[in-house]
Amino acid sequence: MWETLTALAAEAETTDIADLFDDAGRAADFSVRFDGMLFDYAKTRLTRAARDALVSLAEAREVPARREAMFTGAAVNETEARPALHTALRNLSGGPITVAGRDVMPEVRETLARMEAFAGDIRAGRITGAGGAITDVVNIGIGGSHLGPEMAVRALGPYHDGPRCHFVSNVDGADIADTLAGLDPATTLVLVASKSFTTSETMTNAQTARDWMVRGRGDPAAQFAAVSTALERTGAFGIPAARVFGFADWVGGRYSIWGPIGLPLMIAVGPEAFRAFLSGAEAMDGHFRAAPLVRNMPVMLALAGLWHHQVCGHPTRAVLPYDQRLAHLPAYLQQLEMESNGKRVTVQGAPLDVASGPVVWGAPGTNGQHAFFQLLHQGTQVVPCEFMVAARGHEPELAHHHRLLVANCLAQAEALMRGRSQEAAREGLRAAGVAEGEVERQAAHRAFPGNRPSTMLIYPKLTPRRLGQILALYEHRVFVEGVVLGINSFDQWGVELGKELARALAPVLAGEQDAEGKDGSTRQLVDYIHGNQG
């Protein structure tokens, strides 16, 4: 089927995207609507024949059956022999979900209730620090234990009425030093997010935060909490069991914002808004399970991505949220996509016969327009763009700002598609009164090739429920892509080797061992570091 798609892509290379709109029904046909959201993929070279072939590929790879297997608790994470049931964390309807014959929902509901009680007590001042009510929360984690909560707290700023939230992830001492500077240890709560409570970066930062709190006469026993399953380790660290929130091994780190990893978000916006966040994701789950493939938003987002990367060969995709509060979303989706689908072998261990996941990057608009859009419009590489924007903002008194923001978003997508011919550039220069000799010299620089594909996700307003829908949409997109490619989207063995080597290098850098067995380059670098410690 890949050969069929490759042939269709070759045919489409001579097609102007703008000409596809000669079909008056294209915009409606090449879009999906769900619960007030609109996903428009009409500004791509996808034809009906190509879309049909992609849908047939998804059916042949048994996307519907694999989708149901994931939702019902089958061990879809084959290399680790366990389910991928992050969807259970937002199963507010409470229907049973079984793992090894046991319904996991009672435990999920109990954990959510504990989180709500804890967050409510902090927000109401019933849980205090040595200096009174908690004013600040510092979340210490890395990867999925950091990117999700930080992104979501920033995204839902208008709903943030709890303590101020801060985030530390990097083992670089500058991160925690800059974060703790200006905070009061006696009114700060520290959340340590590490399932095993052994993650080196997280535990190094946690110990530094504990030392800081003790020096500042805070009370670590009362002002620390943990998201972990390692009760012995959290107890040894001094965190009472009542303040430890665990989650099962069938929730992967980058899919964990829906449970205890989301505790900073719940403290920031409150349990009610957090439930709305979960309800949005649950609604997207229902749509993903029930909608026909061609009218299924996650499926079509995935198939558009496969078309651009695996079929057309575009190596990267840009995620462009026109919303400053979604500034951290590209990094969140970067991990979600590249850690999930950055694989080189199939589930069976055979080499992939097509490219795996693309490089994902981006920034919020309109900042990106003044940074990298030059390359998007006139560079030699085609970068498919994924725009997203709300129809209205949260500041009615600044509605003129939002109109300008949306105008820029829609205009950039149109400009990428339409481009500007060299002749049109000449005409514009002449109209501006540029001398004829200069017109010819300048025209090539002011022409745009166009025919650059983009998709658009548009929604009424960024609310907790809407954010939940957007994140679940992208989770399911990654899952569909993985199923079509035949890979396991739920493991991440690629991060392990570097960690092992780092552990071995730590005593070398401390001068406790020599660099015997290391390559010449690494030995040279170690010598340089030892020579510059003064």
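Mentor: The protein exposes about 22900 Å², and carbon and sulfur atoms supply 52% of that area. Please keep in mind that this is a predicted model.

Trainee: What is the make-up of the protein in helices and strands?

Mentor: There are 21 helices and 15 strands in the protein. Its radius of gyration is 25 Å, while the globule rule gives 24 Å for 534 residues; the two values are close, so the protein is as compact as a globular protein of that length. Along the principal axes, the C-alpha atoms fill a box of roughly 75 × 60 × 60 Å.

Trainee: What share of the 534 residues is buried?

Mentor: Buried residues account for 51% of the 534.

Trainee: What part of the contacts between residues at least 6 apart joins residues at least 24 apart in sequence?

Mentor: Among those contacts, 74% join residues at least 24 apart.

Trainee: Which residues of helix α4 are buried, and what do they pack against?

Mentor: Helix α4 spans residues 63-71, and its buried residues are V63, R67, A69, M70 and F71. They pack against α3 (48-60), α12 (271-290) and α19 (464-485). After α4 comes G73, with a positive phi near 90 degrees.

Trainee: How do you know whether C312 is bonded to the closest cysteine?

Mentor: A disulfide requires two cysteine sulfur atoms within 2.5 Å. The closest cysteine sulfur to that of C312 belongs to C385 and lies 14 Å away, which is too far for a bond. C385 is in no disulfide either, since the nearest cysteine sulfur, that of C409, is 10 Å away. A search of the whole structure accordingly finds zero disulfides.

Trainee: What makes the phi of A81 worth noting?

Mentor: The phi of A81 is near 55 degrees, a positive value in a residue other than glycine. A81 is found in the loop between α4 and β3 (98-99). Its relative accessibility is 63%, which is over 50%, so A81 counts as exposed.

Trainee: Where does R217 lie, and why is R217 called buried or exposed?

Mentor: R217 is in the loop between α8 (200-215) and α9 (220-223). With a relative accessible area of 73%, which is over 50%, R217 is therefore exposed. The phi of R217 is positive, near 65 degrees, and R217 is a residue other than glycine.

Trainee: What is the form of the peptide bond from G365 to T366?

Mentor: That bond is cis, with omega near 10 degrees. T366 is in the loop between β13 (359-362) and α15 (373-378).

Trainee: Which residues make the nonpolar surface patch of about 310 Å²?

Mentor: L509, Y528 and I529 make that patch. I529 has its place in helix α21, residues 520-530.

How values were computed
Residues numbered from 1 in each chain as written. Predicted model: local features only at pLDDT ≥ 70, side-chain atom pairs only at ≥ 80, totals over all residues. Heavy atoms only, no water. Patch = residues over 30% accessible without salt bridge, like charges linked within 9 Å, V, L, I, M, F, W, Y side chains within 5 Å. Areas by Shrake-Rupley, 256 points an atom, 1.4 Å probe, with all protein chains shown as cover. Salt bridge = Lys/Arg side-chain N within 4 Å of Asp/Glu carboxyl O. Helix = DSSP H or I, 4+ residues; strand = E, 2+ residues; numbered from the N terminus. Rg over C-alpha atoms; globule rule 2.2 N^0.38 Å. Buried < 20%, exposed > 50% of the residue type's maximum accessible area, 1.4 Å probe, protein only. Contact = heavy atoms within 4.5 Å.
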